[in-house]
Amino acid sequence: MKKILLTALLTLSVLVTVGPSLARAESIATQIERRIFYQFGTKYRNPTNADKRLSEVRYKGLILWVAKPKNGKPTVMYLPGSAGNLYSRSHKFRWFMDQGYGVVAMAYPGMAGSKGKPSRQKIQILANSLYRDIPKMTGSKRIILMGESLGTGVALALAASKAGRANPPTAIILQAPYTSLIDLTAAKNPVLLPFVAGRNDLWPSKRFIKNVKPPTFIMHGQKDRTVPFHMGKRLHQLSPAKNKVLAARPQAGHTSIWRPNVLKPLRKWLEKIHRK
């Protein structure tokens, strides 16, 4: 989302070059969505190179990085952002594992060796399915949803879905969340807004969060140039959760929010929830 002109040109090229047969097989809207929102790192990495506690699990064409929880603790279902791959988030998985939490990190279609091409619908269907299967995978029915940037929309949609209502998350952690991808496009890449303005399904988190009541921790840097801080603040205002926290940091950006001054209160917050 940072390379506005390049992305715009790529998007226009889809409209110009798509042929009738391809358009029938896959909508132009889906192709535009892919060009604008998904900049996944495709390089495959073995999870044991990141941490020996992690193992690889193949799930419906996806690559998962999995570690089982200890001492009856919950499992963290990690839904990453749009850039990089799972390896670039190893330090976050390690942080959770060091406290005994399990981890199930999902590489979206087209990311880090996972098969297929990404779309909002495909990502969400797979995430909802995986959520249902995590108890069998890790032995833990208690699940913490962790969404990062792009993944925050996936996490909130999941929590509001039938799967999330059947087994409500123990807690939800949102790093740099957006109110919707349409809002984000309008704020960051307005030149692209005509290509997506008609899509009301692109993770409207401001709608989903109104029906999500589990404890919710939002971390957002006030100097975030990728997802504006006011979006995280707005989601915190809209959340009906009785236990909700907005960890706003004046000097933090999009990725630099993952620092001790946020992780220390997050750890204490999670420990209180786990003891209940």
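This is a predicted model: local features need pLDDT of at least 70, side-chain atom pairs count only at pLDDT 80 or more; totals for chains, interfaces and linings use all residues.
Start with Arg199 and Glu33: their side chains meet in a salt bridge, 2.8 Å from N to O. Arg199 sits in the loop between helix 9 and helix 10, while Glu33 is in helix 3, so we're looking at distant parts of the chain, 166 residues apart. And are these two buried or exposed? Both Arg199 and Glu33 are buried.

Next up, Asp201 with Arg120, where the closest N and O atoms are 3.2 Å apart. Asp201 is in the loop between helix 9 and helix 10 and Arg120 is in helix 5, so this pair ties together parts 81 residues apart in sequence. Asp201 has 26% relative accessibility, so we call it partly exposed.

Then there's Lys206 and Asp183, with 2.9 Å between the closest N and O atoms. That one links helix 10, which holds Lys206, to helix 8, which holds Asp183, across 23 residues. Lys206 is partly exposed at 35%, and Asp183, at 23%, is partly exposed too. Now, which residues end up in one network through shared partners? Glu33, Arg120, Arg199 and Asp201 do.

Back to helix 5, then. Helix 5 packs on helix 6 at about 55°, with the axes 10 Å apart, so the two are oblique to each other. The crossing is right-handed. On the helix 5 side, the contact includes Ile123, Ala127 and Tyr131, and on the helix 6 side, Val154 and Leu158 are among them. Counting up the contact residues, you get six nonpolar, three polar and no charged.

Key
Residues are numbered from 1 along each chain as its sequence is written. Side-chain values use heavy atoms; hydrogens and water are left out. Axes are lines fitted to C-alpha atoms, for helices over the stretch in contact, and angles run from 0 to 180 degrees between N-to-C directions. Helices (H or I, at least four residues) and strands (E, at least two) are DSSP runs, numbered from the N terminus. Angles under 35 degrees count as roughly parallel, over 145 as roughly antiparallel, 65 to 115 as roughly perpendicular and the rest as oblique. A crossing is left-handed if the near helix is turned anticlockwise from the far one by less than a right angle, and right-handed if clockwise. Contact means heavy atoms within 4.5 Å. Ala, Val, Leu, Ile, Met, Phe, Trp, Tyr, Cys and Pro count as nonpolar, Asp, Glu, Lys and Arg as charged, and the others, Gly among them, as polar. A salt bridge is a side-chain nitrogen of Lys or Arg within 4 Å of a carboxyl oxygen of Asp or Glu. Buried means under 20% relative accessible area, exposed over 50%, partly exposed in between (1.4 Å probe, protein chains only).
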